[in-house]
Amino acid sequence: MVEQQMENLSVNDDDDVVDPWNVTGKSETGIDYDKLIKRFGSQKIDESLIQRFETVTGKRAHHFLRRGIFFSHRDFHNILSLYEKGEKFYLYTGRGPSSESMHIGHMIPFVFTKWLQDVFNVPLVIQLTDDEKVLWRDIKVEDARQMAFNNAKDIIAVGFDPKNTFIFNDLDFIGKCPEFYQNMIRIQKCVTFNQAKGIFGFGDSDVIGKVSFPAVEAAPSFSTSFPFIFGKKAVPCLVPCAIDQDPYFRMSRDVAARLKFPKPSLLHSTFLPALQGAQHKMSASDPNASIFLNDTVKQIKNKINKYAFSGGQATVEEHREKGGNTSVDISYKYLTFFLEDDDRLNEIKKQYESGELLTGELKKIAIETITPFVQAYQARRAAVTDDVLKQFFEIRPIEF
Ligand code: TRP
């Protein structure tokens with residue numbers, strides 16, 4: 001299949017909206033991810049790819065892969081081939097910092113990235129795009145930097161190790177690393193305003209910082225942007241990210257070919273739905289739509305009980321008779337993300353769909369699954385001091 005790159009991706013009125021700034025599905029079952037694969041021109045993560053992963057690594061695939069939570073990729077086969085040959089690659093992911101606390105949906109790409117790093121034992125770079133937030137939101141440079149440092153602590157608490165992980169915020173790092181800026185300029189020279197409009201939908205009244213920003217997010221997918229880690233070597237890159245970031249990497253892959261850098265490979269995730277239903281992703285700006293990483297046990301319980309959209313029937317009798325609908329039920333969807341045990345999950349699905357399990361009971365299982373995840377996270381977060389933070393941000397060689 002020919003990859004659709006520097007051109008506008010035709011969007012119809014009945015298509016889900018998925019771009020770096022907006023994510024909204026048209027159906028109550030959520031976004032049609034298979035349709036997105038077609039529109040974006042990426043590849044589905046299918047059974048044969050998962051099997052190859054297991055053969056090559058000797059590890060069982062993560063439940064995010066087994067359940068289609070990471071559902072799409074670009075050139076992941078290349079990464080597996082490199083690993084097979086004992087050749088090196090690195091991981092790159094990132095986050096646009098925000099003042100609100102991070103929620104459990106933000107954790108998905110990072111939890112998965114940590115797992116990939118453990119499986120492959122490779123370096124990871126994490127970009128905090130504080131510059132992006134200044135350009136897109138009503139936020140001052142000073143405040144965006146501070147948010148980046150706070151968010152970095154939240155990310156570190158996923159379990160990263162400074163031994164093989166470098167974290168940077170654009171507003172501080174780029175000025176200290178000429179090679180990064182040089183790659184930005186190389187990238188900027190490859191993309192016309194017309195192409196940027198096509199990929200990102202920029203308009204005449206957008207500030208010029210927005211138009212040039214994609215080069216900042218693309219640059220870390222090229223190893224020569226980090227000479228203190230990779231020297232001058234062209235080391236291939238794998239980017240785990242949510243599917244809304246794909247436009248940046250379509251562009252990166254296109255310019256890579258022209259700059260004679262390896263094209264970054266990608267693994268794309270779906271979104272954790274909002275409590276109110278699968279049309280929307282969990283969003284930090286709506287406290288009732290999200291379970292935050294600093295929520296108390298009581299808040300988690302109340303939010304799920306009160307807001308988690310139910311696929312159950314209106315009355316117990318009706319529910320016993322018709323059963324619940326797991327394709328719209330948010331508590332069930334959360335279990336697919338957070339309950340690792342496949343047998344237990346299947347059992348729950350069967351029981352709910354047959355009407356044996358009631359909505360209240362399903363919610364209780366969701367609460368009992370998510371609460372320990374958040375508590376374990378909070379314990380790790382409490383251990384992330386300023387000193388720990390500094391270790392990750394230091395410009396230094398990483399064993400590789
Ligand atoms: N733009 C992303 C956001 O707003 C942050 C980001 C930067 C990112 N580089 C990335 C996300 C690489 C995934 C992969 O969240």
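User: How far is the sulfur of Cys 241 from the closest cysteine sulfur?
Analyst: It is 10 Å from the sulfur of Cys 237, too far for a bond. A disulfide here is a pair of cysteine sulfur atoms within 2.5 Å. Bear in mind that this is a predicted model: local features need pLDDT of at least 70, side-chain atom pairs count only at pLDDT 80 or more, and totals for chains, interfaces and linings use all residues. Residues are numbered from 1 along each chain as its sequence is written, and side-chain values use heavy atoms, with hydrogens and water left out.

User: How many disulfides turn up in the whole structure?
Analyst: The search finds 0. Cys 237 is in none, and its nearest cysteine sulfur is that of Cys 241.

User: Is Cys 241 buried or exposed?
Analyst: Cys 241 is buried, because its relative accessibility is 5%. Buried means under 20% relative accessible area, exposed means over 50%, and partly exposed is in between (1.4 Å probe, protein chains only).

User: And Cys 237, buried or exposed?
Analyst: Buried, at 1% relative accessibility.

User: Let's switch to the sheet. What is the strand order?
Analyst: The order is 3-4-9-8-5-6-7, in an open sheet of 7 strands with mixed pairing. Helices (H or I, at least four residues) and strands (E, at least two) are DSSP runs, numbered from the N terminus. Two strands pair if DSSP finds at least two bridges between them.

User: Which strands stand at the edges?
Analyst: Strand 3 (43-44) and strand 7 (165-169). Each has a single partner strand, so one side of each is left without a neighbour in the sheet.

User: What joins strand 4 to strand 9?
Analyst: Strand 4 (residues 70-74) and strand 9 run antiparallel, joined by 4 bridges. Phe 70 stands opposite Ser 269 there.

User: How does strand 8 pair with strand 9?
Analyst: Strand 8 (residues 237-242) and strand 9 pair in the parallel sense, over 5 bridges. Val 239 has Leu 266 of strand 9 as its bridge partner. With helix 14, these two strands make a right-handed β-α-β unit. Right-handed means that, with the strands pointing away from the viewer, the path from the first strand over the helix to the second runs clockwise.

User: How many residues of strand 9 are buried?
Analyst: 5 of its 5 residues, 265-269. Both faces are covered. Ser 265, Leu 267 and Ser 269 are on one side, with Leu 266 and His 268 on the other.

User: What does Asp 246 contact?
Analyst: Leaving aside neighbours within four places in sequence, Asp 246 is in contact with Phe 40, Arg 74, Leu 266 and His 268. Contact means heavy atoms within 4.5 Å. Asp 246 lies in helix 14 (residues 246-259). Asp 246 counts as buried because its relative accessible area is 0%.

User: What about Ser 252, where does it lie?
Analyst: Ser 252 lies in helix 14. Ser 252 is buried, with a relative accessible area of 0%. Setting aside neighbours within four places in sequence, Ser 252 is in contact with Ala 218, Ser 221, Phe 222 and Pro 264.

User: New topic. What is the volume of the largest pocket?
Analyst: About 1100 Å³. On a 1 Å grid over the protein atoms alone, a pocket is an open set of points where a 1.4 Å probe fits, with protein on both sides within 12 Å along at least five of seven lines. Lining residues have an atom within 4 Å of a point.

User: Which residues lie nearest its centre?
Analyst: Arg 95, His 106, Asp 244, Gln 245 and Lys 281, out of 42 lining residues. Helix 5 gives the largest share of the lining, 5 residues.

Notes:
Grid points are joined across faces, edges and corners, and a volume is the space filled by probe spheres set on the points.
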